[in-house]
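Subject: Structure for your files, with notes

Hello,

Here is the structure for you to look at. My notes come after it.

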Amino acid sequence: MLLDTASLYYRAYFGVPDSVKAPDGTPVNAVRGLLDFIGRLVQDHRPDDLVACMDADWRPRWRVDLIPSYKAHRVAVETATGPDVEDTPDTLAPQVPIIEAALDAFGIARVGVAGYEADDVIGTLTARATGPVDIVTGDRDLYQLVDDAKRRRVLYPLKGVGTLQVTDEAWLREKYGVDGSGYADLALLRGDPSDGLPGVPGIGEKTAAKLLDAYGSLAGIIAAIDDPKSKLTPTQRTRLDASRPYLSVAPKVVQVASDVPLPPFDPALPTAPAQPDLVEALAHRWGLGGAVSRLGSALRP
């Protein structure tokens, strides 16, 4: 089980009241919510391995160099030497180090790699996996990793993590008209305002799905631009032709990496806290006794 950790703690932050605070008044709603999410996931699914995948760089320079608008609207401060600072709610950012400390204290693997997003860590771990993989995320970009033959699916939270949309290839075909491998092409053609991806003007989701059905892939669509016998409408041909510079770089931006150099780590689901004294100290310091107790109970075999 691979967790898109930032996606989940954002959901926890907005789903748990900010009246949930530490004894000193510091909001800890995202921390408590995430720990409860993980406890529920472990209780319901009992994965053999569990990895909390992190955004070491939420807006990698190599993606921005290809498409400068990539996540540009979410930048709070640009930096010359390191990751840009994301526009994050004031009371969420201070909770992230507490989340990291709690994961480490419990012994839940936490993996992030400089220059890559959590999506890329997830893509690499998925590519390396020899057994089934469940990816827990509220980010539809990861639908591209769904693969029934390899038993890879996305669990998309609908209401917390107690109600999950199980995303497999049948669901993708029903919803979008593509399978997992076609989702990235669909996304880059239609664009994604939340990621600053412009897409091809005039090509929405339904048209993108029809084009992919007709021509098989983005490469097939691009070949059709130059084929006078293809059934592209004159408007589609003009718009796609004008978008060639974008279409030449967008796949690398949209597709998650599968070859990230990961550090050594132990993905095994812990059956007890790795550092029980630290867990107890964190629970006391931040008023997390209930969430810590619930997660500890869920981990016990």
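This is a predicted model: local features need pLDDT of at least 70, side-chain atom pairs count only at pLDDT 80 or more; totals for chains, interfaces and linings use all residues.

Residues are numbered from 1 along each chain as its sequence is written, and side-chain values use heavy atoms, with hydrogens and water left out.

Aromatic rings

A pair of aromatic rings is described by the distance of the centres and the angle of the planes. Rings of Phe, Tyr and Trp (its six-membered ring) pair if their centres lie within 6.5 Å; planes under 30 degrees apart are stacked, over 60 edge-to-face, and the rest tilted. The count by this rule is 9 aromatic pairs. One of them joins Tyr143 and Tyr176, a tilted pair with 6.3 Å centre to centre and 50° between the planes. Tyr143 lies in the loop between strand S6 (133–136) and strand S7 (152–159) and Tyr176 in helix H6 (residues 169–176), so the pair ties together parts that are 33 residues apart in sequence. Helices (H or I, at least four residues) and strands (E, at least two) are DSSP runs, numbered from the N terminus. Tyr143 and Tyr176 are both buried; buried means under 20% relative accessible area, exposed over 50%, and partly exposed in between (1.4 Å probe, protein chains only).

Ring pairs also link Tyr143, Tyr156, Trp171, Tyr176 and Tyr183 into a cluster. Arg11 lies over the face of Tyr156, 5.1 Å from the ring centre. The charged end of Arg285 sits over the ring of Trp286, at 3.9 Å from its centre. For both entries, a charge sits over a ring if NZ of Lys or CZ of Arg is within 6 Å of the ring centre and within 35 degrees of the ring normal.

Leu172 is in helix H6 too, and at 0% relative accessibility it counts as buried. Not counting residues up to four places away in sequence, Leu172 touches Tyr143, Val146, Thr167, Gly177, Val178, Asp179 and Gly180. Contact here and below means heavy atoms within 4.5 Å.

Helix packing

Axes are lines fitted to C-alpha atoms, for helices over the stretch in contact, and angles run from 0 to 180 degrees between N-to-C directions. Angles under 35 degrees count as roughly parallel, over 145 as roughly antiparallel, 65 to 115 as roughly perpendicular, and the rest as oblique. A crossing is left-handed if the near helix is turned anticlockwise from the far one by less than a right angle, and right-handed if clockwise.

- Helix H7 (residues 180–190) and helix H8 (residues 205–215) pack with their axes 9 Å apart, at an angle of about 135°. They are therefore oblique to each other, and their crossing is right-handed. Gly182, Asp185, Leu186, Leu189 and Arg190 in H7 meet Glu205, Ala208, Ala209 and Leu212 in H8.
- The axes of helix H9 (residues 218–225) and H10 cross at roughly 110° and come within 9 Å. H9 and H10 are therefore roughly perpendicular to each other, in a left-handed crossing. Ile221, Ala224 and Ile225 of H9 and Arg237, Leu240 and Asp241 of H10 make the contact.
- H2 and helix H4 (residues 96–106) pack at about 35°, with axes 9 Å apart, and H2 passes H4 in a right-handed crossing. The contact is made by Ala30, Val31, Leu34, Leu35 and Ile38 of H2 and Ile98, Ile99, Ala102 and Leu103 of H4.

Arg46, in the loop between helix H2 (29–45) and strand S2 (51–53), has a positive phi of about 45° although it is not a glycine. Arg46 is partly exposed at 34% relative accessibility. Arg151, in the loop between S6 and S7, is not a glycine either and has a positive phi of about 60°. Arg151 counts as exposed, at 52% relative accessibility.

Asp49 is also in the loop between H2 and S2 and is partly exposed, with a relative accessible area of 36%. Asp49 and Pro267 are 218 residues apart in sequence and 5.1 Å apart in space, C-alpha to C-alpha. Leaving aside neighbours within four places in sequence, Asp49 is in contact with Met1, Pro267, Ala268 and Leu269.

Regards
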